[in-house]
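Hi,

Here's the structure I said I'd pass along.

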Amino acid sequence: MTAPGTPEAPSLRQAAERVLLGNWTGHSTVPSHSLYPHQWSWDSAFIAIGLRHLSPRRAQVELESLFGSQWPDGRIPHISFSPAVARDAYFPGPDFWQAKTHGSVETSGIVQPPVHALAVWLTHQADARESARRGFLARCYPKLVAWHRYLRTCRDLGGRGLVAIVHPWESGMDNSPAWDDALARITPAPLDSFTRRDTDHASTDDRPTDLDYGRYVQLAATYRDHGYDDARTPFGFALEDPCFNALLIASEHALAAIAQALGLDPDRHLVAAEQLTSALATLFTEGLFHARDLRLPPPQAGEVAATSAGLVPAGSVAGLVPLLVPGLLQAGELLETAAGPRFRLGGVRMVPSYDLTGPAFEAGRYWRGPSWFNTAWLIHRGLREHGRTAEADALRNDLLALAAGTDFAEYVDPYTGEPRGARTFSWTAALALDLLS
Ligand code: 9WN
């Protein structure tokens, strides 16, 4: 369904640019001054993808300032804290994470999905001559290689060649129902041991619950107390997420293009992409990619395992994101699922974050149903990748109409389009700008 009243492109473009200029801090962009007043990892990648149309130079600075917080082991932390912001403006802040890697940059210790190589490549292409003159790709390439190496070695916790996330925040889809069963095994930190700040700025109905937060805090504190050492931490939560791994594949393809542009051999990246793609296939069942729970207790005698492969039954939008993988063998079945009753691509205001028919569906609560602009952008890219132009055009129009009609909301009700969470949210503006360009 295309929402009526798609605004004139020039005014929407200007409005999106105003959001990005307003959220710019001098070297990077905050997702939202109120709710998220620091630099977030995958946000910066999406933001650069839009910002490149406004200022390729600024998009480069955005990404390179994020890479400035990279750890010696190659990880790119999910938050890079701004020293200009009050230490308790966001929870958990720098005092909780206690992670100062080098220099004076304070960061979190977990990661987010690896969209960065794709963002670097797209940013370079926005002004390839000037980017080459500035040595942008040459500086980013070794950092991206180290980042992917970290993920493919330290985070291959299942030994299958897929990356595992060790915290729901690492998925970028914090309270997705796909994490519910795994989280239920985690004893939450006492609620009086921390103070949330998110609910100062957004309705409690639109956010994760206190119980979720207790578990998030517990998991992060365990990792922190083991020095963020992947070999030593007893991870109670470890899952292979299809979105995270599909983005790594897309980024390996981008790294191959970057290597080629630099006159280097792209083969190692193409081989990595191929290996990841065949490992990703083990997450496919019943028309959708599902997360694999690496901590699933073995079935008791006489009990039948939920699925033989340890796959989580909950279906989320993360399972559709592999559509952007070039040459994906499962694309046809995945497209059927996307258009079917569970996700109703083209039949609701924008693709929902969780199965519309699922038992945990909530139209307004964060990643438990609402439609998000970044996942719609990724699926739009996947539709184009697989030649589904009409569906891609319709999703593009839906995204633009909703961005315009909600003052660039963070997420929306998939049925009504009602805005939820933050407004003037950076990646919503950036990705709208990208689709207008
Ligand atoms: C925790 C910044 C981030 C996004 C995530 C989104 C939300 C943070 C939070 O905001 O997560 O990282 O405080 O809820 O879930 O995808 O990167 O926009």
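Before the notes, one term: two residues are in contact here if their C-beta atoms, placed from the backbone, lie within 7 Å. Also, keep in mind that this is a predicted model.

With that in hand, take Leu399. Setting aside neighbours within four places in sequence, Leu399 is in contact with Met350, Phe373, Ala376, Trp377, His380, Ala432 and Leu435. Leu399 also turns up in the largest nonpolar core, a set of 131 residues, where Val321, Leu399, Ala430 and Ala432 have the most contacts. Helix 11 (residues 242–261) gives the most to this core, with 12 residues.

Next, the ligand. Around it sit Pro31, Tyr36, Trp40, Trp42, Asp43, His78, Trp169, Gly172, Asp174 and Asp198. That shell splits into five nonpolar, two polar and three charged residues.

Helix 10 is worth a look too. It covers residues 210–225, 16 residues in all, and its first and last C-alpha are 22 Å apart, close to the 22 Å expected at 1.5 Å a residue. Its buried residues are Tyr213, Arg215, Tyr216, Val217, Leu219, Ala220 and Tyr223, and what covers them includes helix 8 (168–171) and helix 9 (180–184). Just after helix 10 comes Gly227, with a positive phi of about 65 degrees.

Last one: is Trp71 buried or partly exposed? Trp71 lies in the loop between helix 3 (56–67) and strand 2 (79–80). It counts as partly exposed because it has 19 C-beta neighbours inside 10 Å, and buried would take 20 or more. Trp71 and Ala146 are 75 residues apart in sequence, yet 9.7 Å apart in space, C-alpha to C-alpha.

Cheers

Definitions and conventions. Residues are numbered from 1 along each chain as its sequence is written. This is a predicted model: local features need pLDDT of at least 70, side-chain atom pairs count only at pLDDT 80 or more; totals for chains, interfaces and linings use all residues. A residue is near a molecule or strand if its C-beta atom, placed from the backbone, lies within 6 Å of it. Ala, Val, Leu, Ile, Met, Phe, Trp, Tyr, Cys and Pro count as nonpolar, Asp, Glu, Lys and Arg as charged, and the others, Gly among them, as polar. Helices (H or I, at least four residues) and strands (E, at least two) are DSSP runs, numbered from the N terminus. The expected span of a helix is 1.5 Å times one less than its number of residues. A residue is buried if 20 or more other C-beta atoms lie within 10 Å of its own, exposed if 12 or fewer, and partly exposed in between; C-beta atoms are placed from the backbone. A nonpolar core is a set of buried Ala, Val, Leu, Ile, Met, Phe, Trp, Tyr and Cys residues joined through C-beta atoms within 7 Å.
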